[in-house]
Amino acid sequence: MSDLTLLGVKAIRDGVAAGDFTAREVAEAFNANVAAASELNAFIVTTPEHALAAADAVDAKRAAGEELGVMAGVPIGMKDLFATRGVQTTAASAILEGFKPEYESTVSQKLWDAGAGMLGKLNLDQFAMGSSNETSHFGNVANPWKANDGSNNVLAPGGSSGGSSAAVAARLAPAATGTDTGGSIRQPAAFTGISGIKPTYGRCSRWGIVAFASSLDQAGPMARSVEDCAVMLGAMAGFDPKDSTSLDAPVPDWAGALNADLRGKKVGIPKEYRMDGTDAEILASWDDGIAWLKDAGAEVVDVSLPHTKYALPAYYIVAPAEASSNLARYDGVRYGLRDLPEGAGLQDMYAATRAAGFGPEVKRRIMLGTYVLSAGFYDAYYTQAMKVRTLIQRDFNDAFGECDVILAPTTPTAAFPLGDKLDDPLAMYLNDVFSVPASLAGLPAMSVPSRLNAKGLPLGLQLVGKAMDEQMVLNAGLAIEQRAGFDAAPGKWW
Amino acid sequence: MSNYRIEGATGTWEVVIGLEVHAQVTSNAKLFSGASTQFGAEPNSQVSLVDAAMPGMLPVPNRECIRQAVRTGMAIEAQINAWSRFDRKNYFYADLPQGYQISQLYHPLVGEGQLTIEADEKAGIPEDKVIRIERIHVEQDAGKLMHDQHPTMSYVDLNRTGVALMEIVSRPDMTSPAEAGAYIRKLRAILRYVGSCDGNMEEGSMRADVNVSVRKVGDTELGTRTETKNVNSVRFVMQAIEHEVRRQIDVLEDGGQIVQETRLFDPNTGTTRSMRSKEDAHDYRYFPDPDLLPLELDQDFLDECRASLPELPDAKRARYTGELGLTDYNARELTAEVETFARFETLLAETAKALGKPEAKVATPVANWSLSVAPGVIKALGDEGDMANATPARQAAILKMQDAGEISGGQAKEIFEIVLKTGREPDEIAETDGLKQVSDTGAIEEAIAAIMAANEDKVADYRGGKDKLFGFFVGQTMKAMQGKANPAVVNQLLKDKLG
Amino acid sequence: MSVTREQVAKIASLARIKVDEGDLDHFVPEFNAILGFVEQLSEVDTSSVEPMTAVIEQKLRLRDDVIDADPLTGGGKQAEVLANAPVAEHGFFGVPKVIE
Ligand SMILES: [Mg+2]
Ligand SMILES: [Zn+2]
């Protein structure tokens, strides 16, 4: 039998349905890859038995002639930000080590209901705060890609969904869930040569996902093709009455309606994204993208997003502010770590527990958020940032008056070595400069691989669509995918 | 103006009082989760994963809680904000699982309103007074800490966590403990009329944060205030104010300064003390809850809220005195409590129907019966009576017999007593137990004739102008008739016979 | 605007995160670098702009007042609620004694 772990979501699902192989065979193959890849540290816990049980259920259903779900027989990786019943859920933080939720997140439940199985819980930046997967309590994740310059550095897989990106790129899973707050699906996808889409804010329920910044957090799929992303997003999305911000709108058949013919469509090129000092190869990749979309029949127009430069500063006020409040619940009372020094009172216990349980980046952001919300600073920082957010959204609305989708680079650079930006938080934050604006505006956005750079590392192109128009994003992504012909894979070194 | 003044060593002081009342909204489920608001005996049994602030849990607001707060706002003639928002109030405490309370600071659901406290000469409230209400916002209640169950630990019970509260914030318009007491009683009555809160202060359904400051009479600037938290009875609120006033004046007259602080009331001593756990200055870092969108209410929703409002205390009292012709006193007593007016209005309707008369014609006897006669009998009987026997139909039947002159007031009480004890029907009791007035002129005339014969001297005196003797003849006749004669008939016949 | 050691220590205390002197040594400069970066927002003229209230235009839905309508958000879950507690006794969570 050919290597089942080379197959993607749709190929596995269709193969299982056609009887070309069993779901159990698929699960076993991926379980084996996962077990052999501990060097990448992509998983915090593995759950081979979960994958097998789900596979057996699918095989039994098929044998009984029952209808199979859209993810039937597909074992996936689950970012460890999604609560999974009875399986440790940590957000990669010591403060939640050992926490086994008594509930299942809406998105993971939907995936199991659609026939998917779980290979394990994927590593990530602690509480999804980071762009390199170096803030996890459970260690760094290694990017399966290495530069061809002989340096042999272990590279960052991107973050925060770094375990997800590494696992999918290394064929440990055909697909994985990610979450995106300021670029946490798109940036790691770009760093590892895979695709990932963050849908419109509200498409995927946030219920049961450990919160980072509520007004920005969105779940989405990461996979090796646009079509696989479309299939999996269809299984993840949908109205959830348990989430007040969930969109009460039907989920279109994105996979079924995929169409790379862009005739009659306009692609906007935001001039503000041509920032000084942007890597020449990134700009070249962007030019490729423009050419490919023209080739697909689209008209390319210049658009302006004048407040782009303020997106990152606004993000670094809004996200930490929300996080400082969202993370107040980790106090050592009801679950998770408790550090109770001798003779400590309640408030001392809080301070000790949170000092011991949160990593430095999490502390930094909680404190930053606490500061910008504190008396005397709230209006100058938080209110001003929310006003700027309105302006950023307005920019996009104006731009979408002139185009159907926006094309930009996903990241300003390719993957960098682990440790490179660790002592300079600001340099790390700049990684998200192209991804944050769409997050602030709640818009659907995706990254697709475009080419390898001179060092043999993948680069990504980003597509940003109108609210609710994931289809346009996916279609443009498909047009690029078809023309980029990106079929490189990292050489196995782990 | 209130005449509440305190003579100090350095001059005369007056008091400024504002109240923040937390009223638990009547609802089945909590404000943001589906857990029950009924407090089971079992700790942490009425707690959802949302209330316990498990990772990834999200709030979804309960329509009924919003509706009740809106109706309450309408009942105090307040501005209803069709656009409002929930904010997070951030602080760390063991009774607050999220690490923040979902509340409303910047855009509350209900804006400016008011209520009127009534003049009460005895309490030092010379005339009706309007107390302005700044706002009502909706927020989550916290859990409960138990400090005396374990030597080194406090126990946390989250059953209350997330129950909906209305925080009703008054303006500092009250100037005496009596006004504060009257304000709470009036507010409680309105909440209970509306049905938005059961008003049960003992069980914590209503708690007041009492803001008090003092200043010299004539000063225009407000003094520094203290806030005494969670005072849970009208009496305690008044005590807390009295104590705070005395304490603040003593501090100021000793040359000290009032510290703006949170205090705790001790019901055992009637005193307040600084709250250690709230000592550090709070910076609540309020910001709009990003898990919740703005709350926008449409006209249909608001219309339904208004249409469902009952007649409120002030309107009801006006109708009782105006349309029903009741005295001010009776109207006030009958409208003070929901149960009281409900019982009265049921009996009034039943009695009017039984008598075939308009309500206004029977309102006064029904009011007297409801406020004094019936409660007197019930009280005297104590445990021997069963209130379930006192159906409106039976009470109306008694009132009907009395109205028709078939029974006397005394007999009405006796019959009601038997009704309470046995559940027998009043008509049957009157008949069987001989509790009926005799209106048979023959028997009465016979008795009168005998009395006149036995008291010829008094008859002569009466006829000679000693009118006062009429009472003597009435008494003698009633005695001869063993109290069962219809007094009206007796009067008429005596007048005829005595000439 | 830059913050002092004392301010950072105060923020940490407000956030209930114990920091020692060593932590402050690196938090203070990092903090000031980030604040310096976000400071540029003040140059945006927002005088006629409303702060964003909802990312995607939609109305807040309200729930029916029904107990345990969805078991996932209902009560009656004492065991589940206490399952992960560091200290749970007699159905309560235990915390160090609090003096009010
Ligand atoms: Mg208060
Ligand atoms: Zn309150």
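Biologist: How many of the five residues of strand β2 (residues 92-96) of chain C are buried?

Modeller: This is a predicted model, in which local features need pLDDT of at least 70 and side-chain atom pairs count only at pLDDT 80 or more, while totals for chains, interfaces and linings use all residues. Residues are numbered from 1 along each chain as its sequence is written, chains are lettered from A and ligands numbered from 1 in the order in which they are written, and side-chain values use heavy atoms, with hydrogens and water left out.

Five of the five residues of strand β2 of chain C are buried, so the strand is largely enclosed by the rest of the structure. Buried here means under 20% relative accessible area, with exposed over 50% and partly exposed in between, for a 1.4 Å probe and protein chains only. Strands are DSSP runs of E of at least two residues, and helices are runs of H or I of at least four, both numbered from the N terminus.

The surroundings of this strand begin with its sheet. Strands of a sheet pair through backbone hydrogen bonds, either parallel or antiparallel. Two strands count as paired if DSSP finds at least two bridges between them. The sheet in question is open and has four strands in the order β8(B)-β9(B)-β2(C)-β1(C), with antiparallel pairing. Its edges are formed by β8 (144-146) of chain B and β1 (88-89) of chain C, each of which pairs on one side only.

On the chain C side, two bridges join β1(C) to β2(C), and these strands run antiparallel. C:Glu89 has C:Phe92 as its bridge partner in β2(C). The hairpin of β1(C) and β2(C) has two residues between the strands, and C:His90 takes a positive phi near 50° there.

On the chain B side, four bridges join β9(B) to β2(C), again in the antiparallel sense. C:Gly94 in β2(C) stands opposite B:Tyr155. Further along the sheet, strand β9 (residues 153-157) of chain B pairs with β8(B) over three antiparallel bridges. There, B:Val156 in β9(B) is the bridge partner of B:Leu145.

Donors are N, O and S atoms within 2.8 Å of the metal (3.2 Å for Na, K and Ca); water is not among the atoms, so sites may look incomplete. The zinc ion (ligand 2) is coordinated by B:His22 (NE2), B:Glu139 (OE) and B:Glu167 (OE), at 1.9 to 2.1 Å. Along the chain, these zinc donors follow the spacing H-x116-E-x27-E. Distant parts of chain B are linked here, with B:His22 in strand β2 of chain B and B:Glu167 in strand β10 (residues 164-170) of chain B, 145 residues apart. Both B:His22 and B:Glu167 are buried.

The magnesium ion (ligand 1) is coordinated by B:Glu20 (OE) and B:Asp209 (OD), at 2.1 to 2.7 Å. B:Glu20 lies in strand β2 (residues 12-24) of chain B and B:Asp209 in strand β11 (residues 206-216) of chain B, so this pair ties together parts that are 189 residues apart in sequence. B:Glu20 and B:Asp209 are both buried. The distance between the magnesium ion (ligand 1) and the zinc ion (ligand 2) is 4.6 Å.
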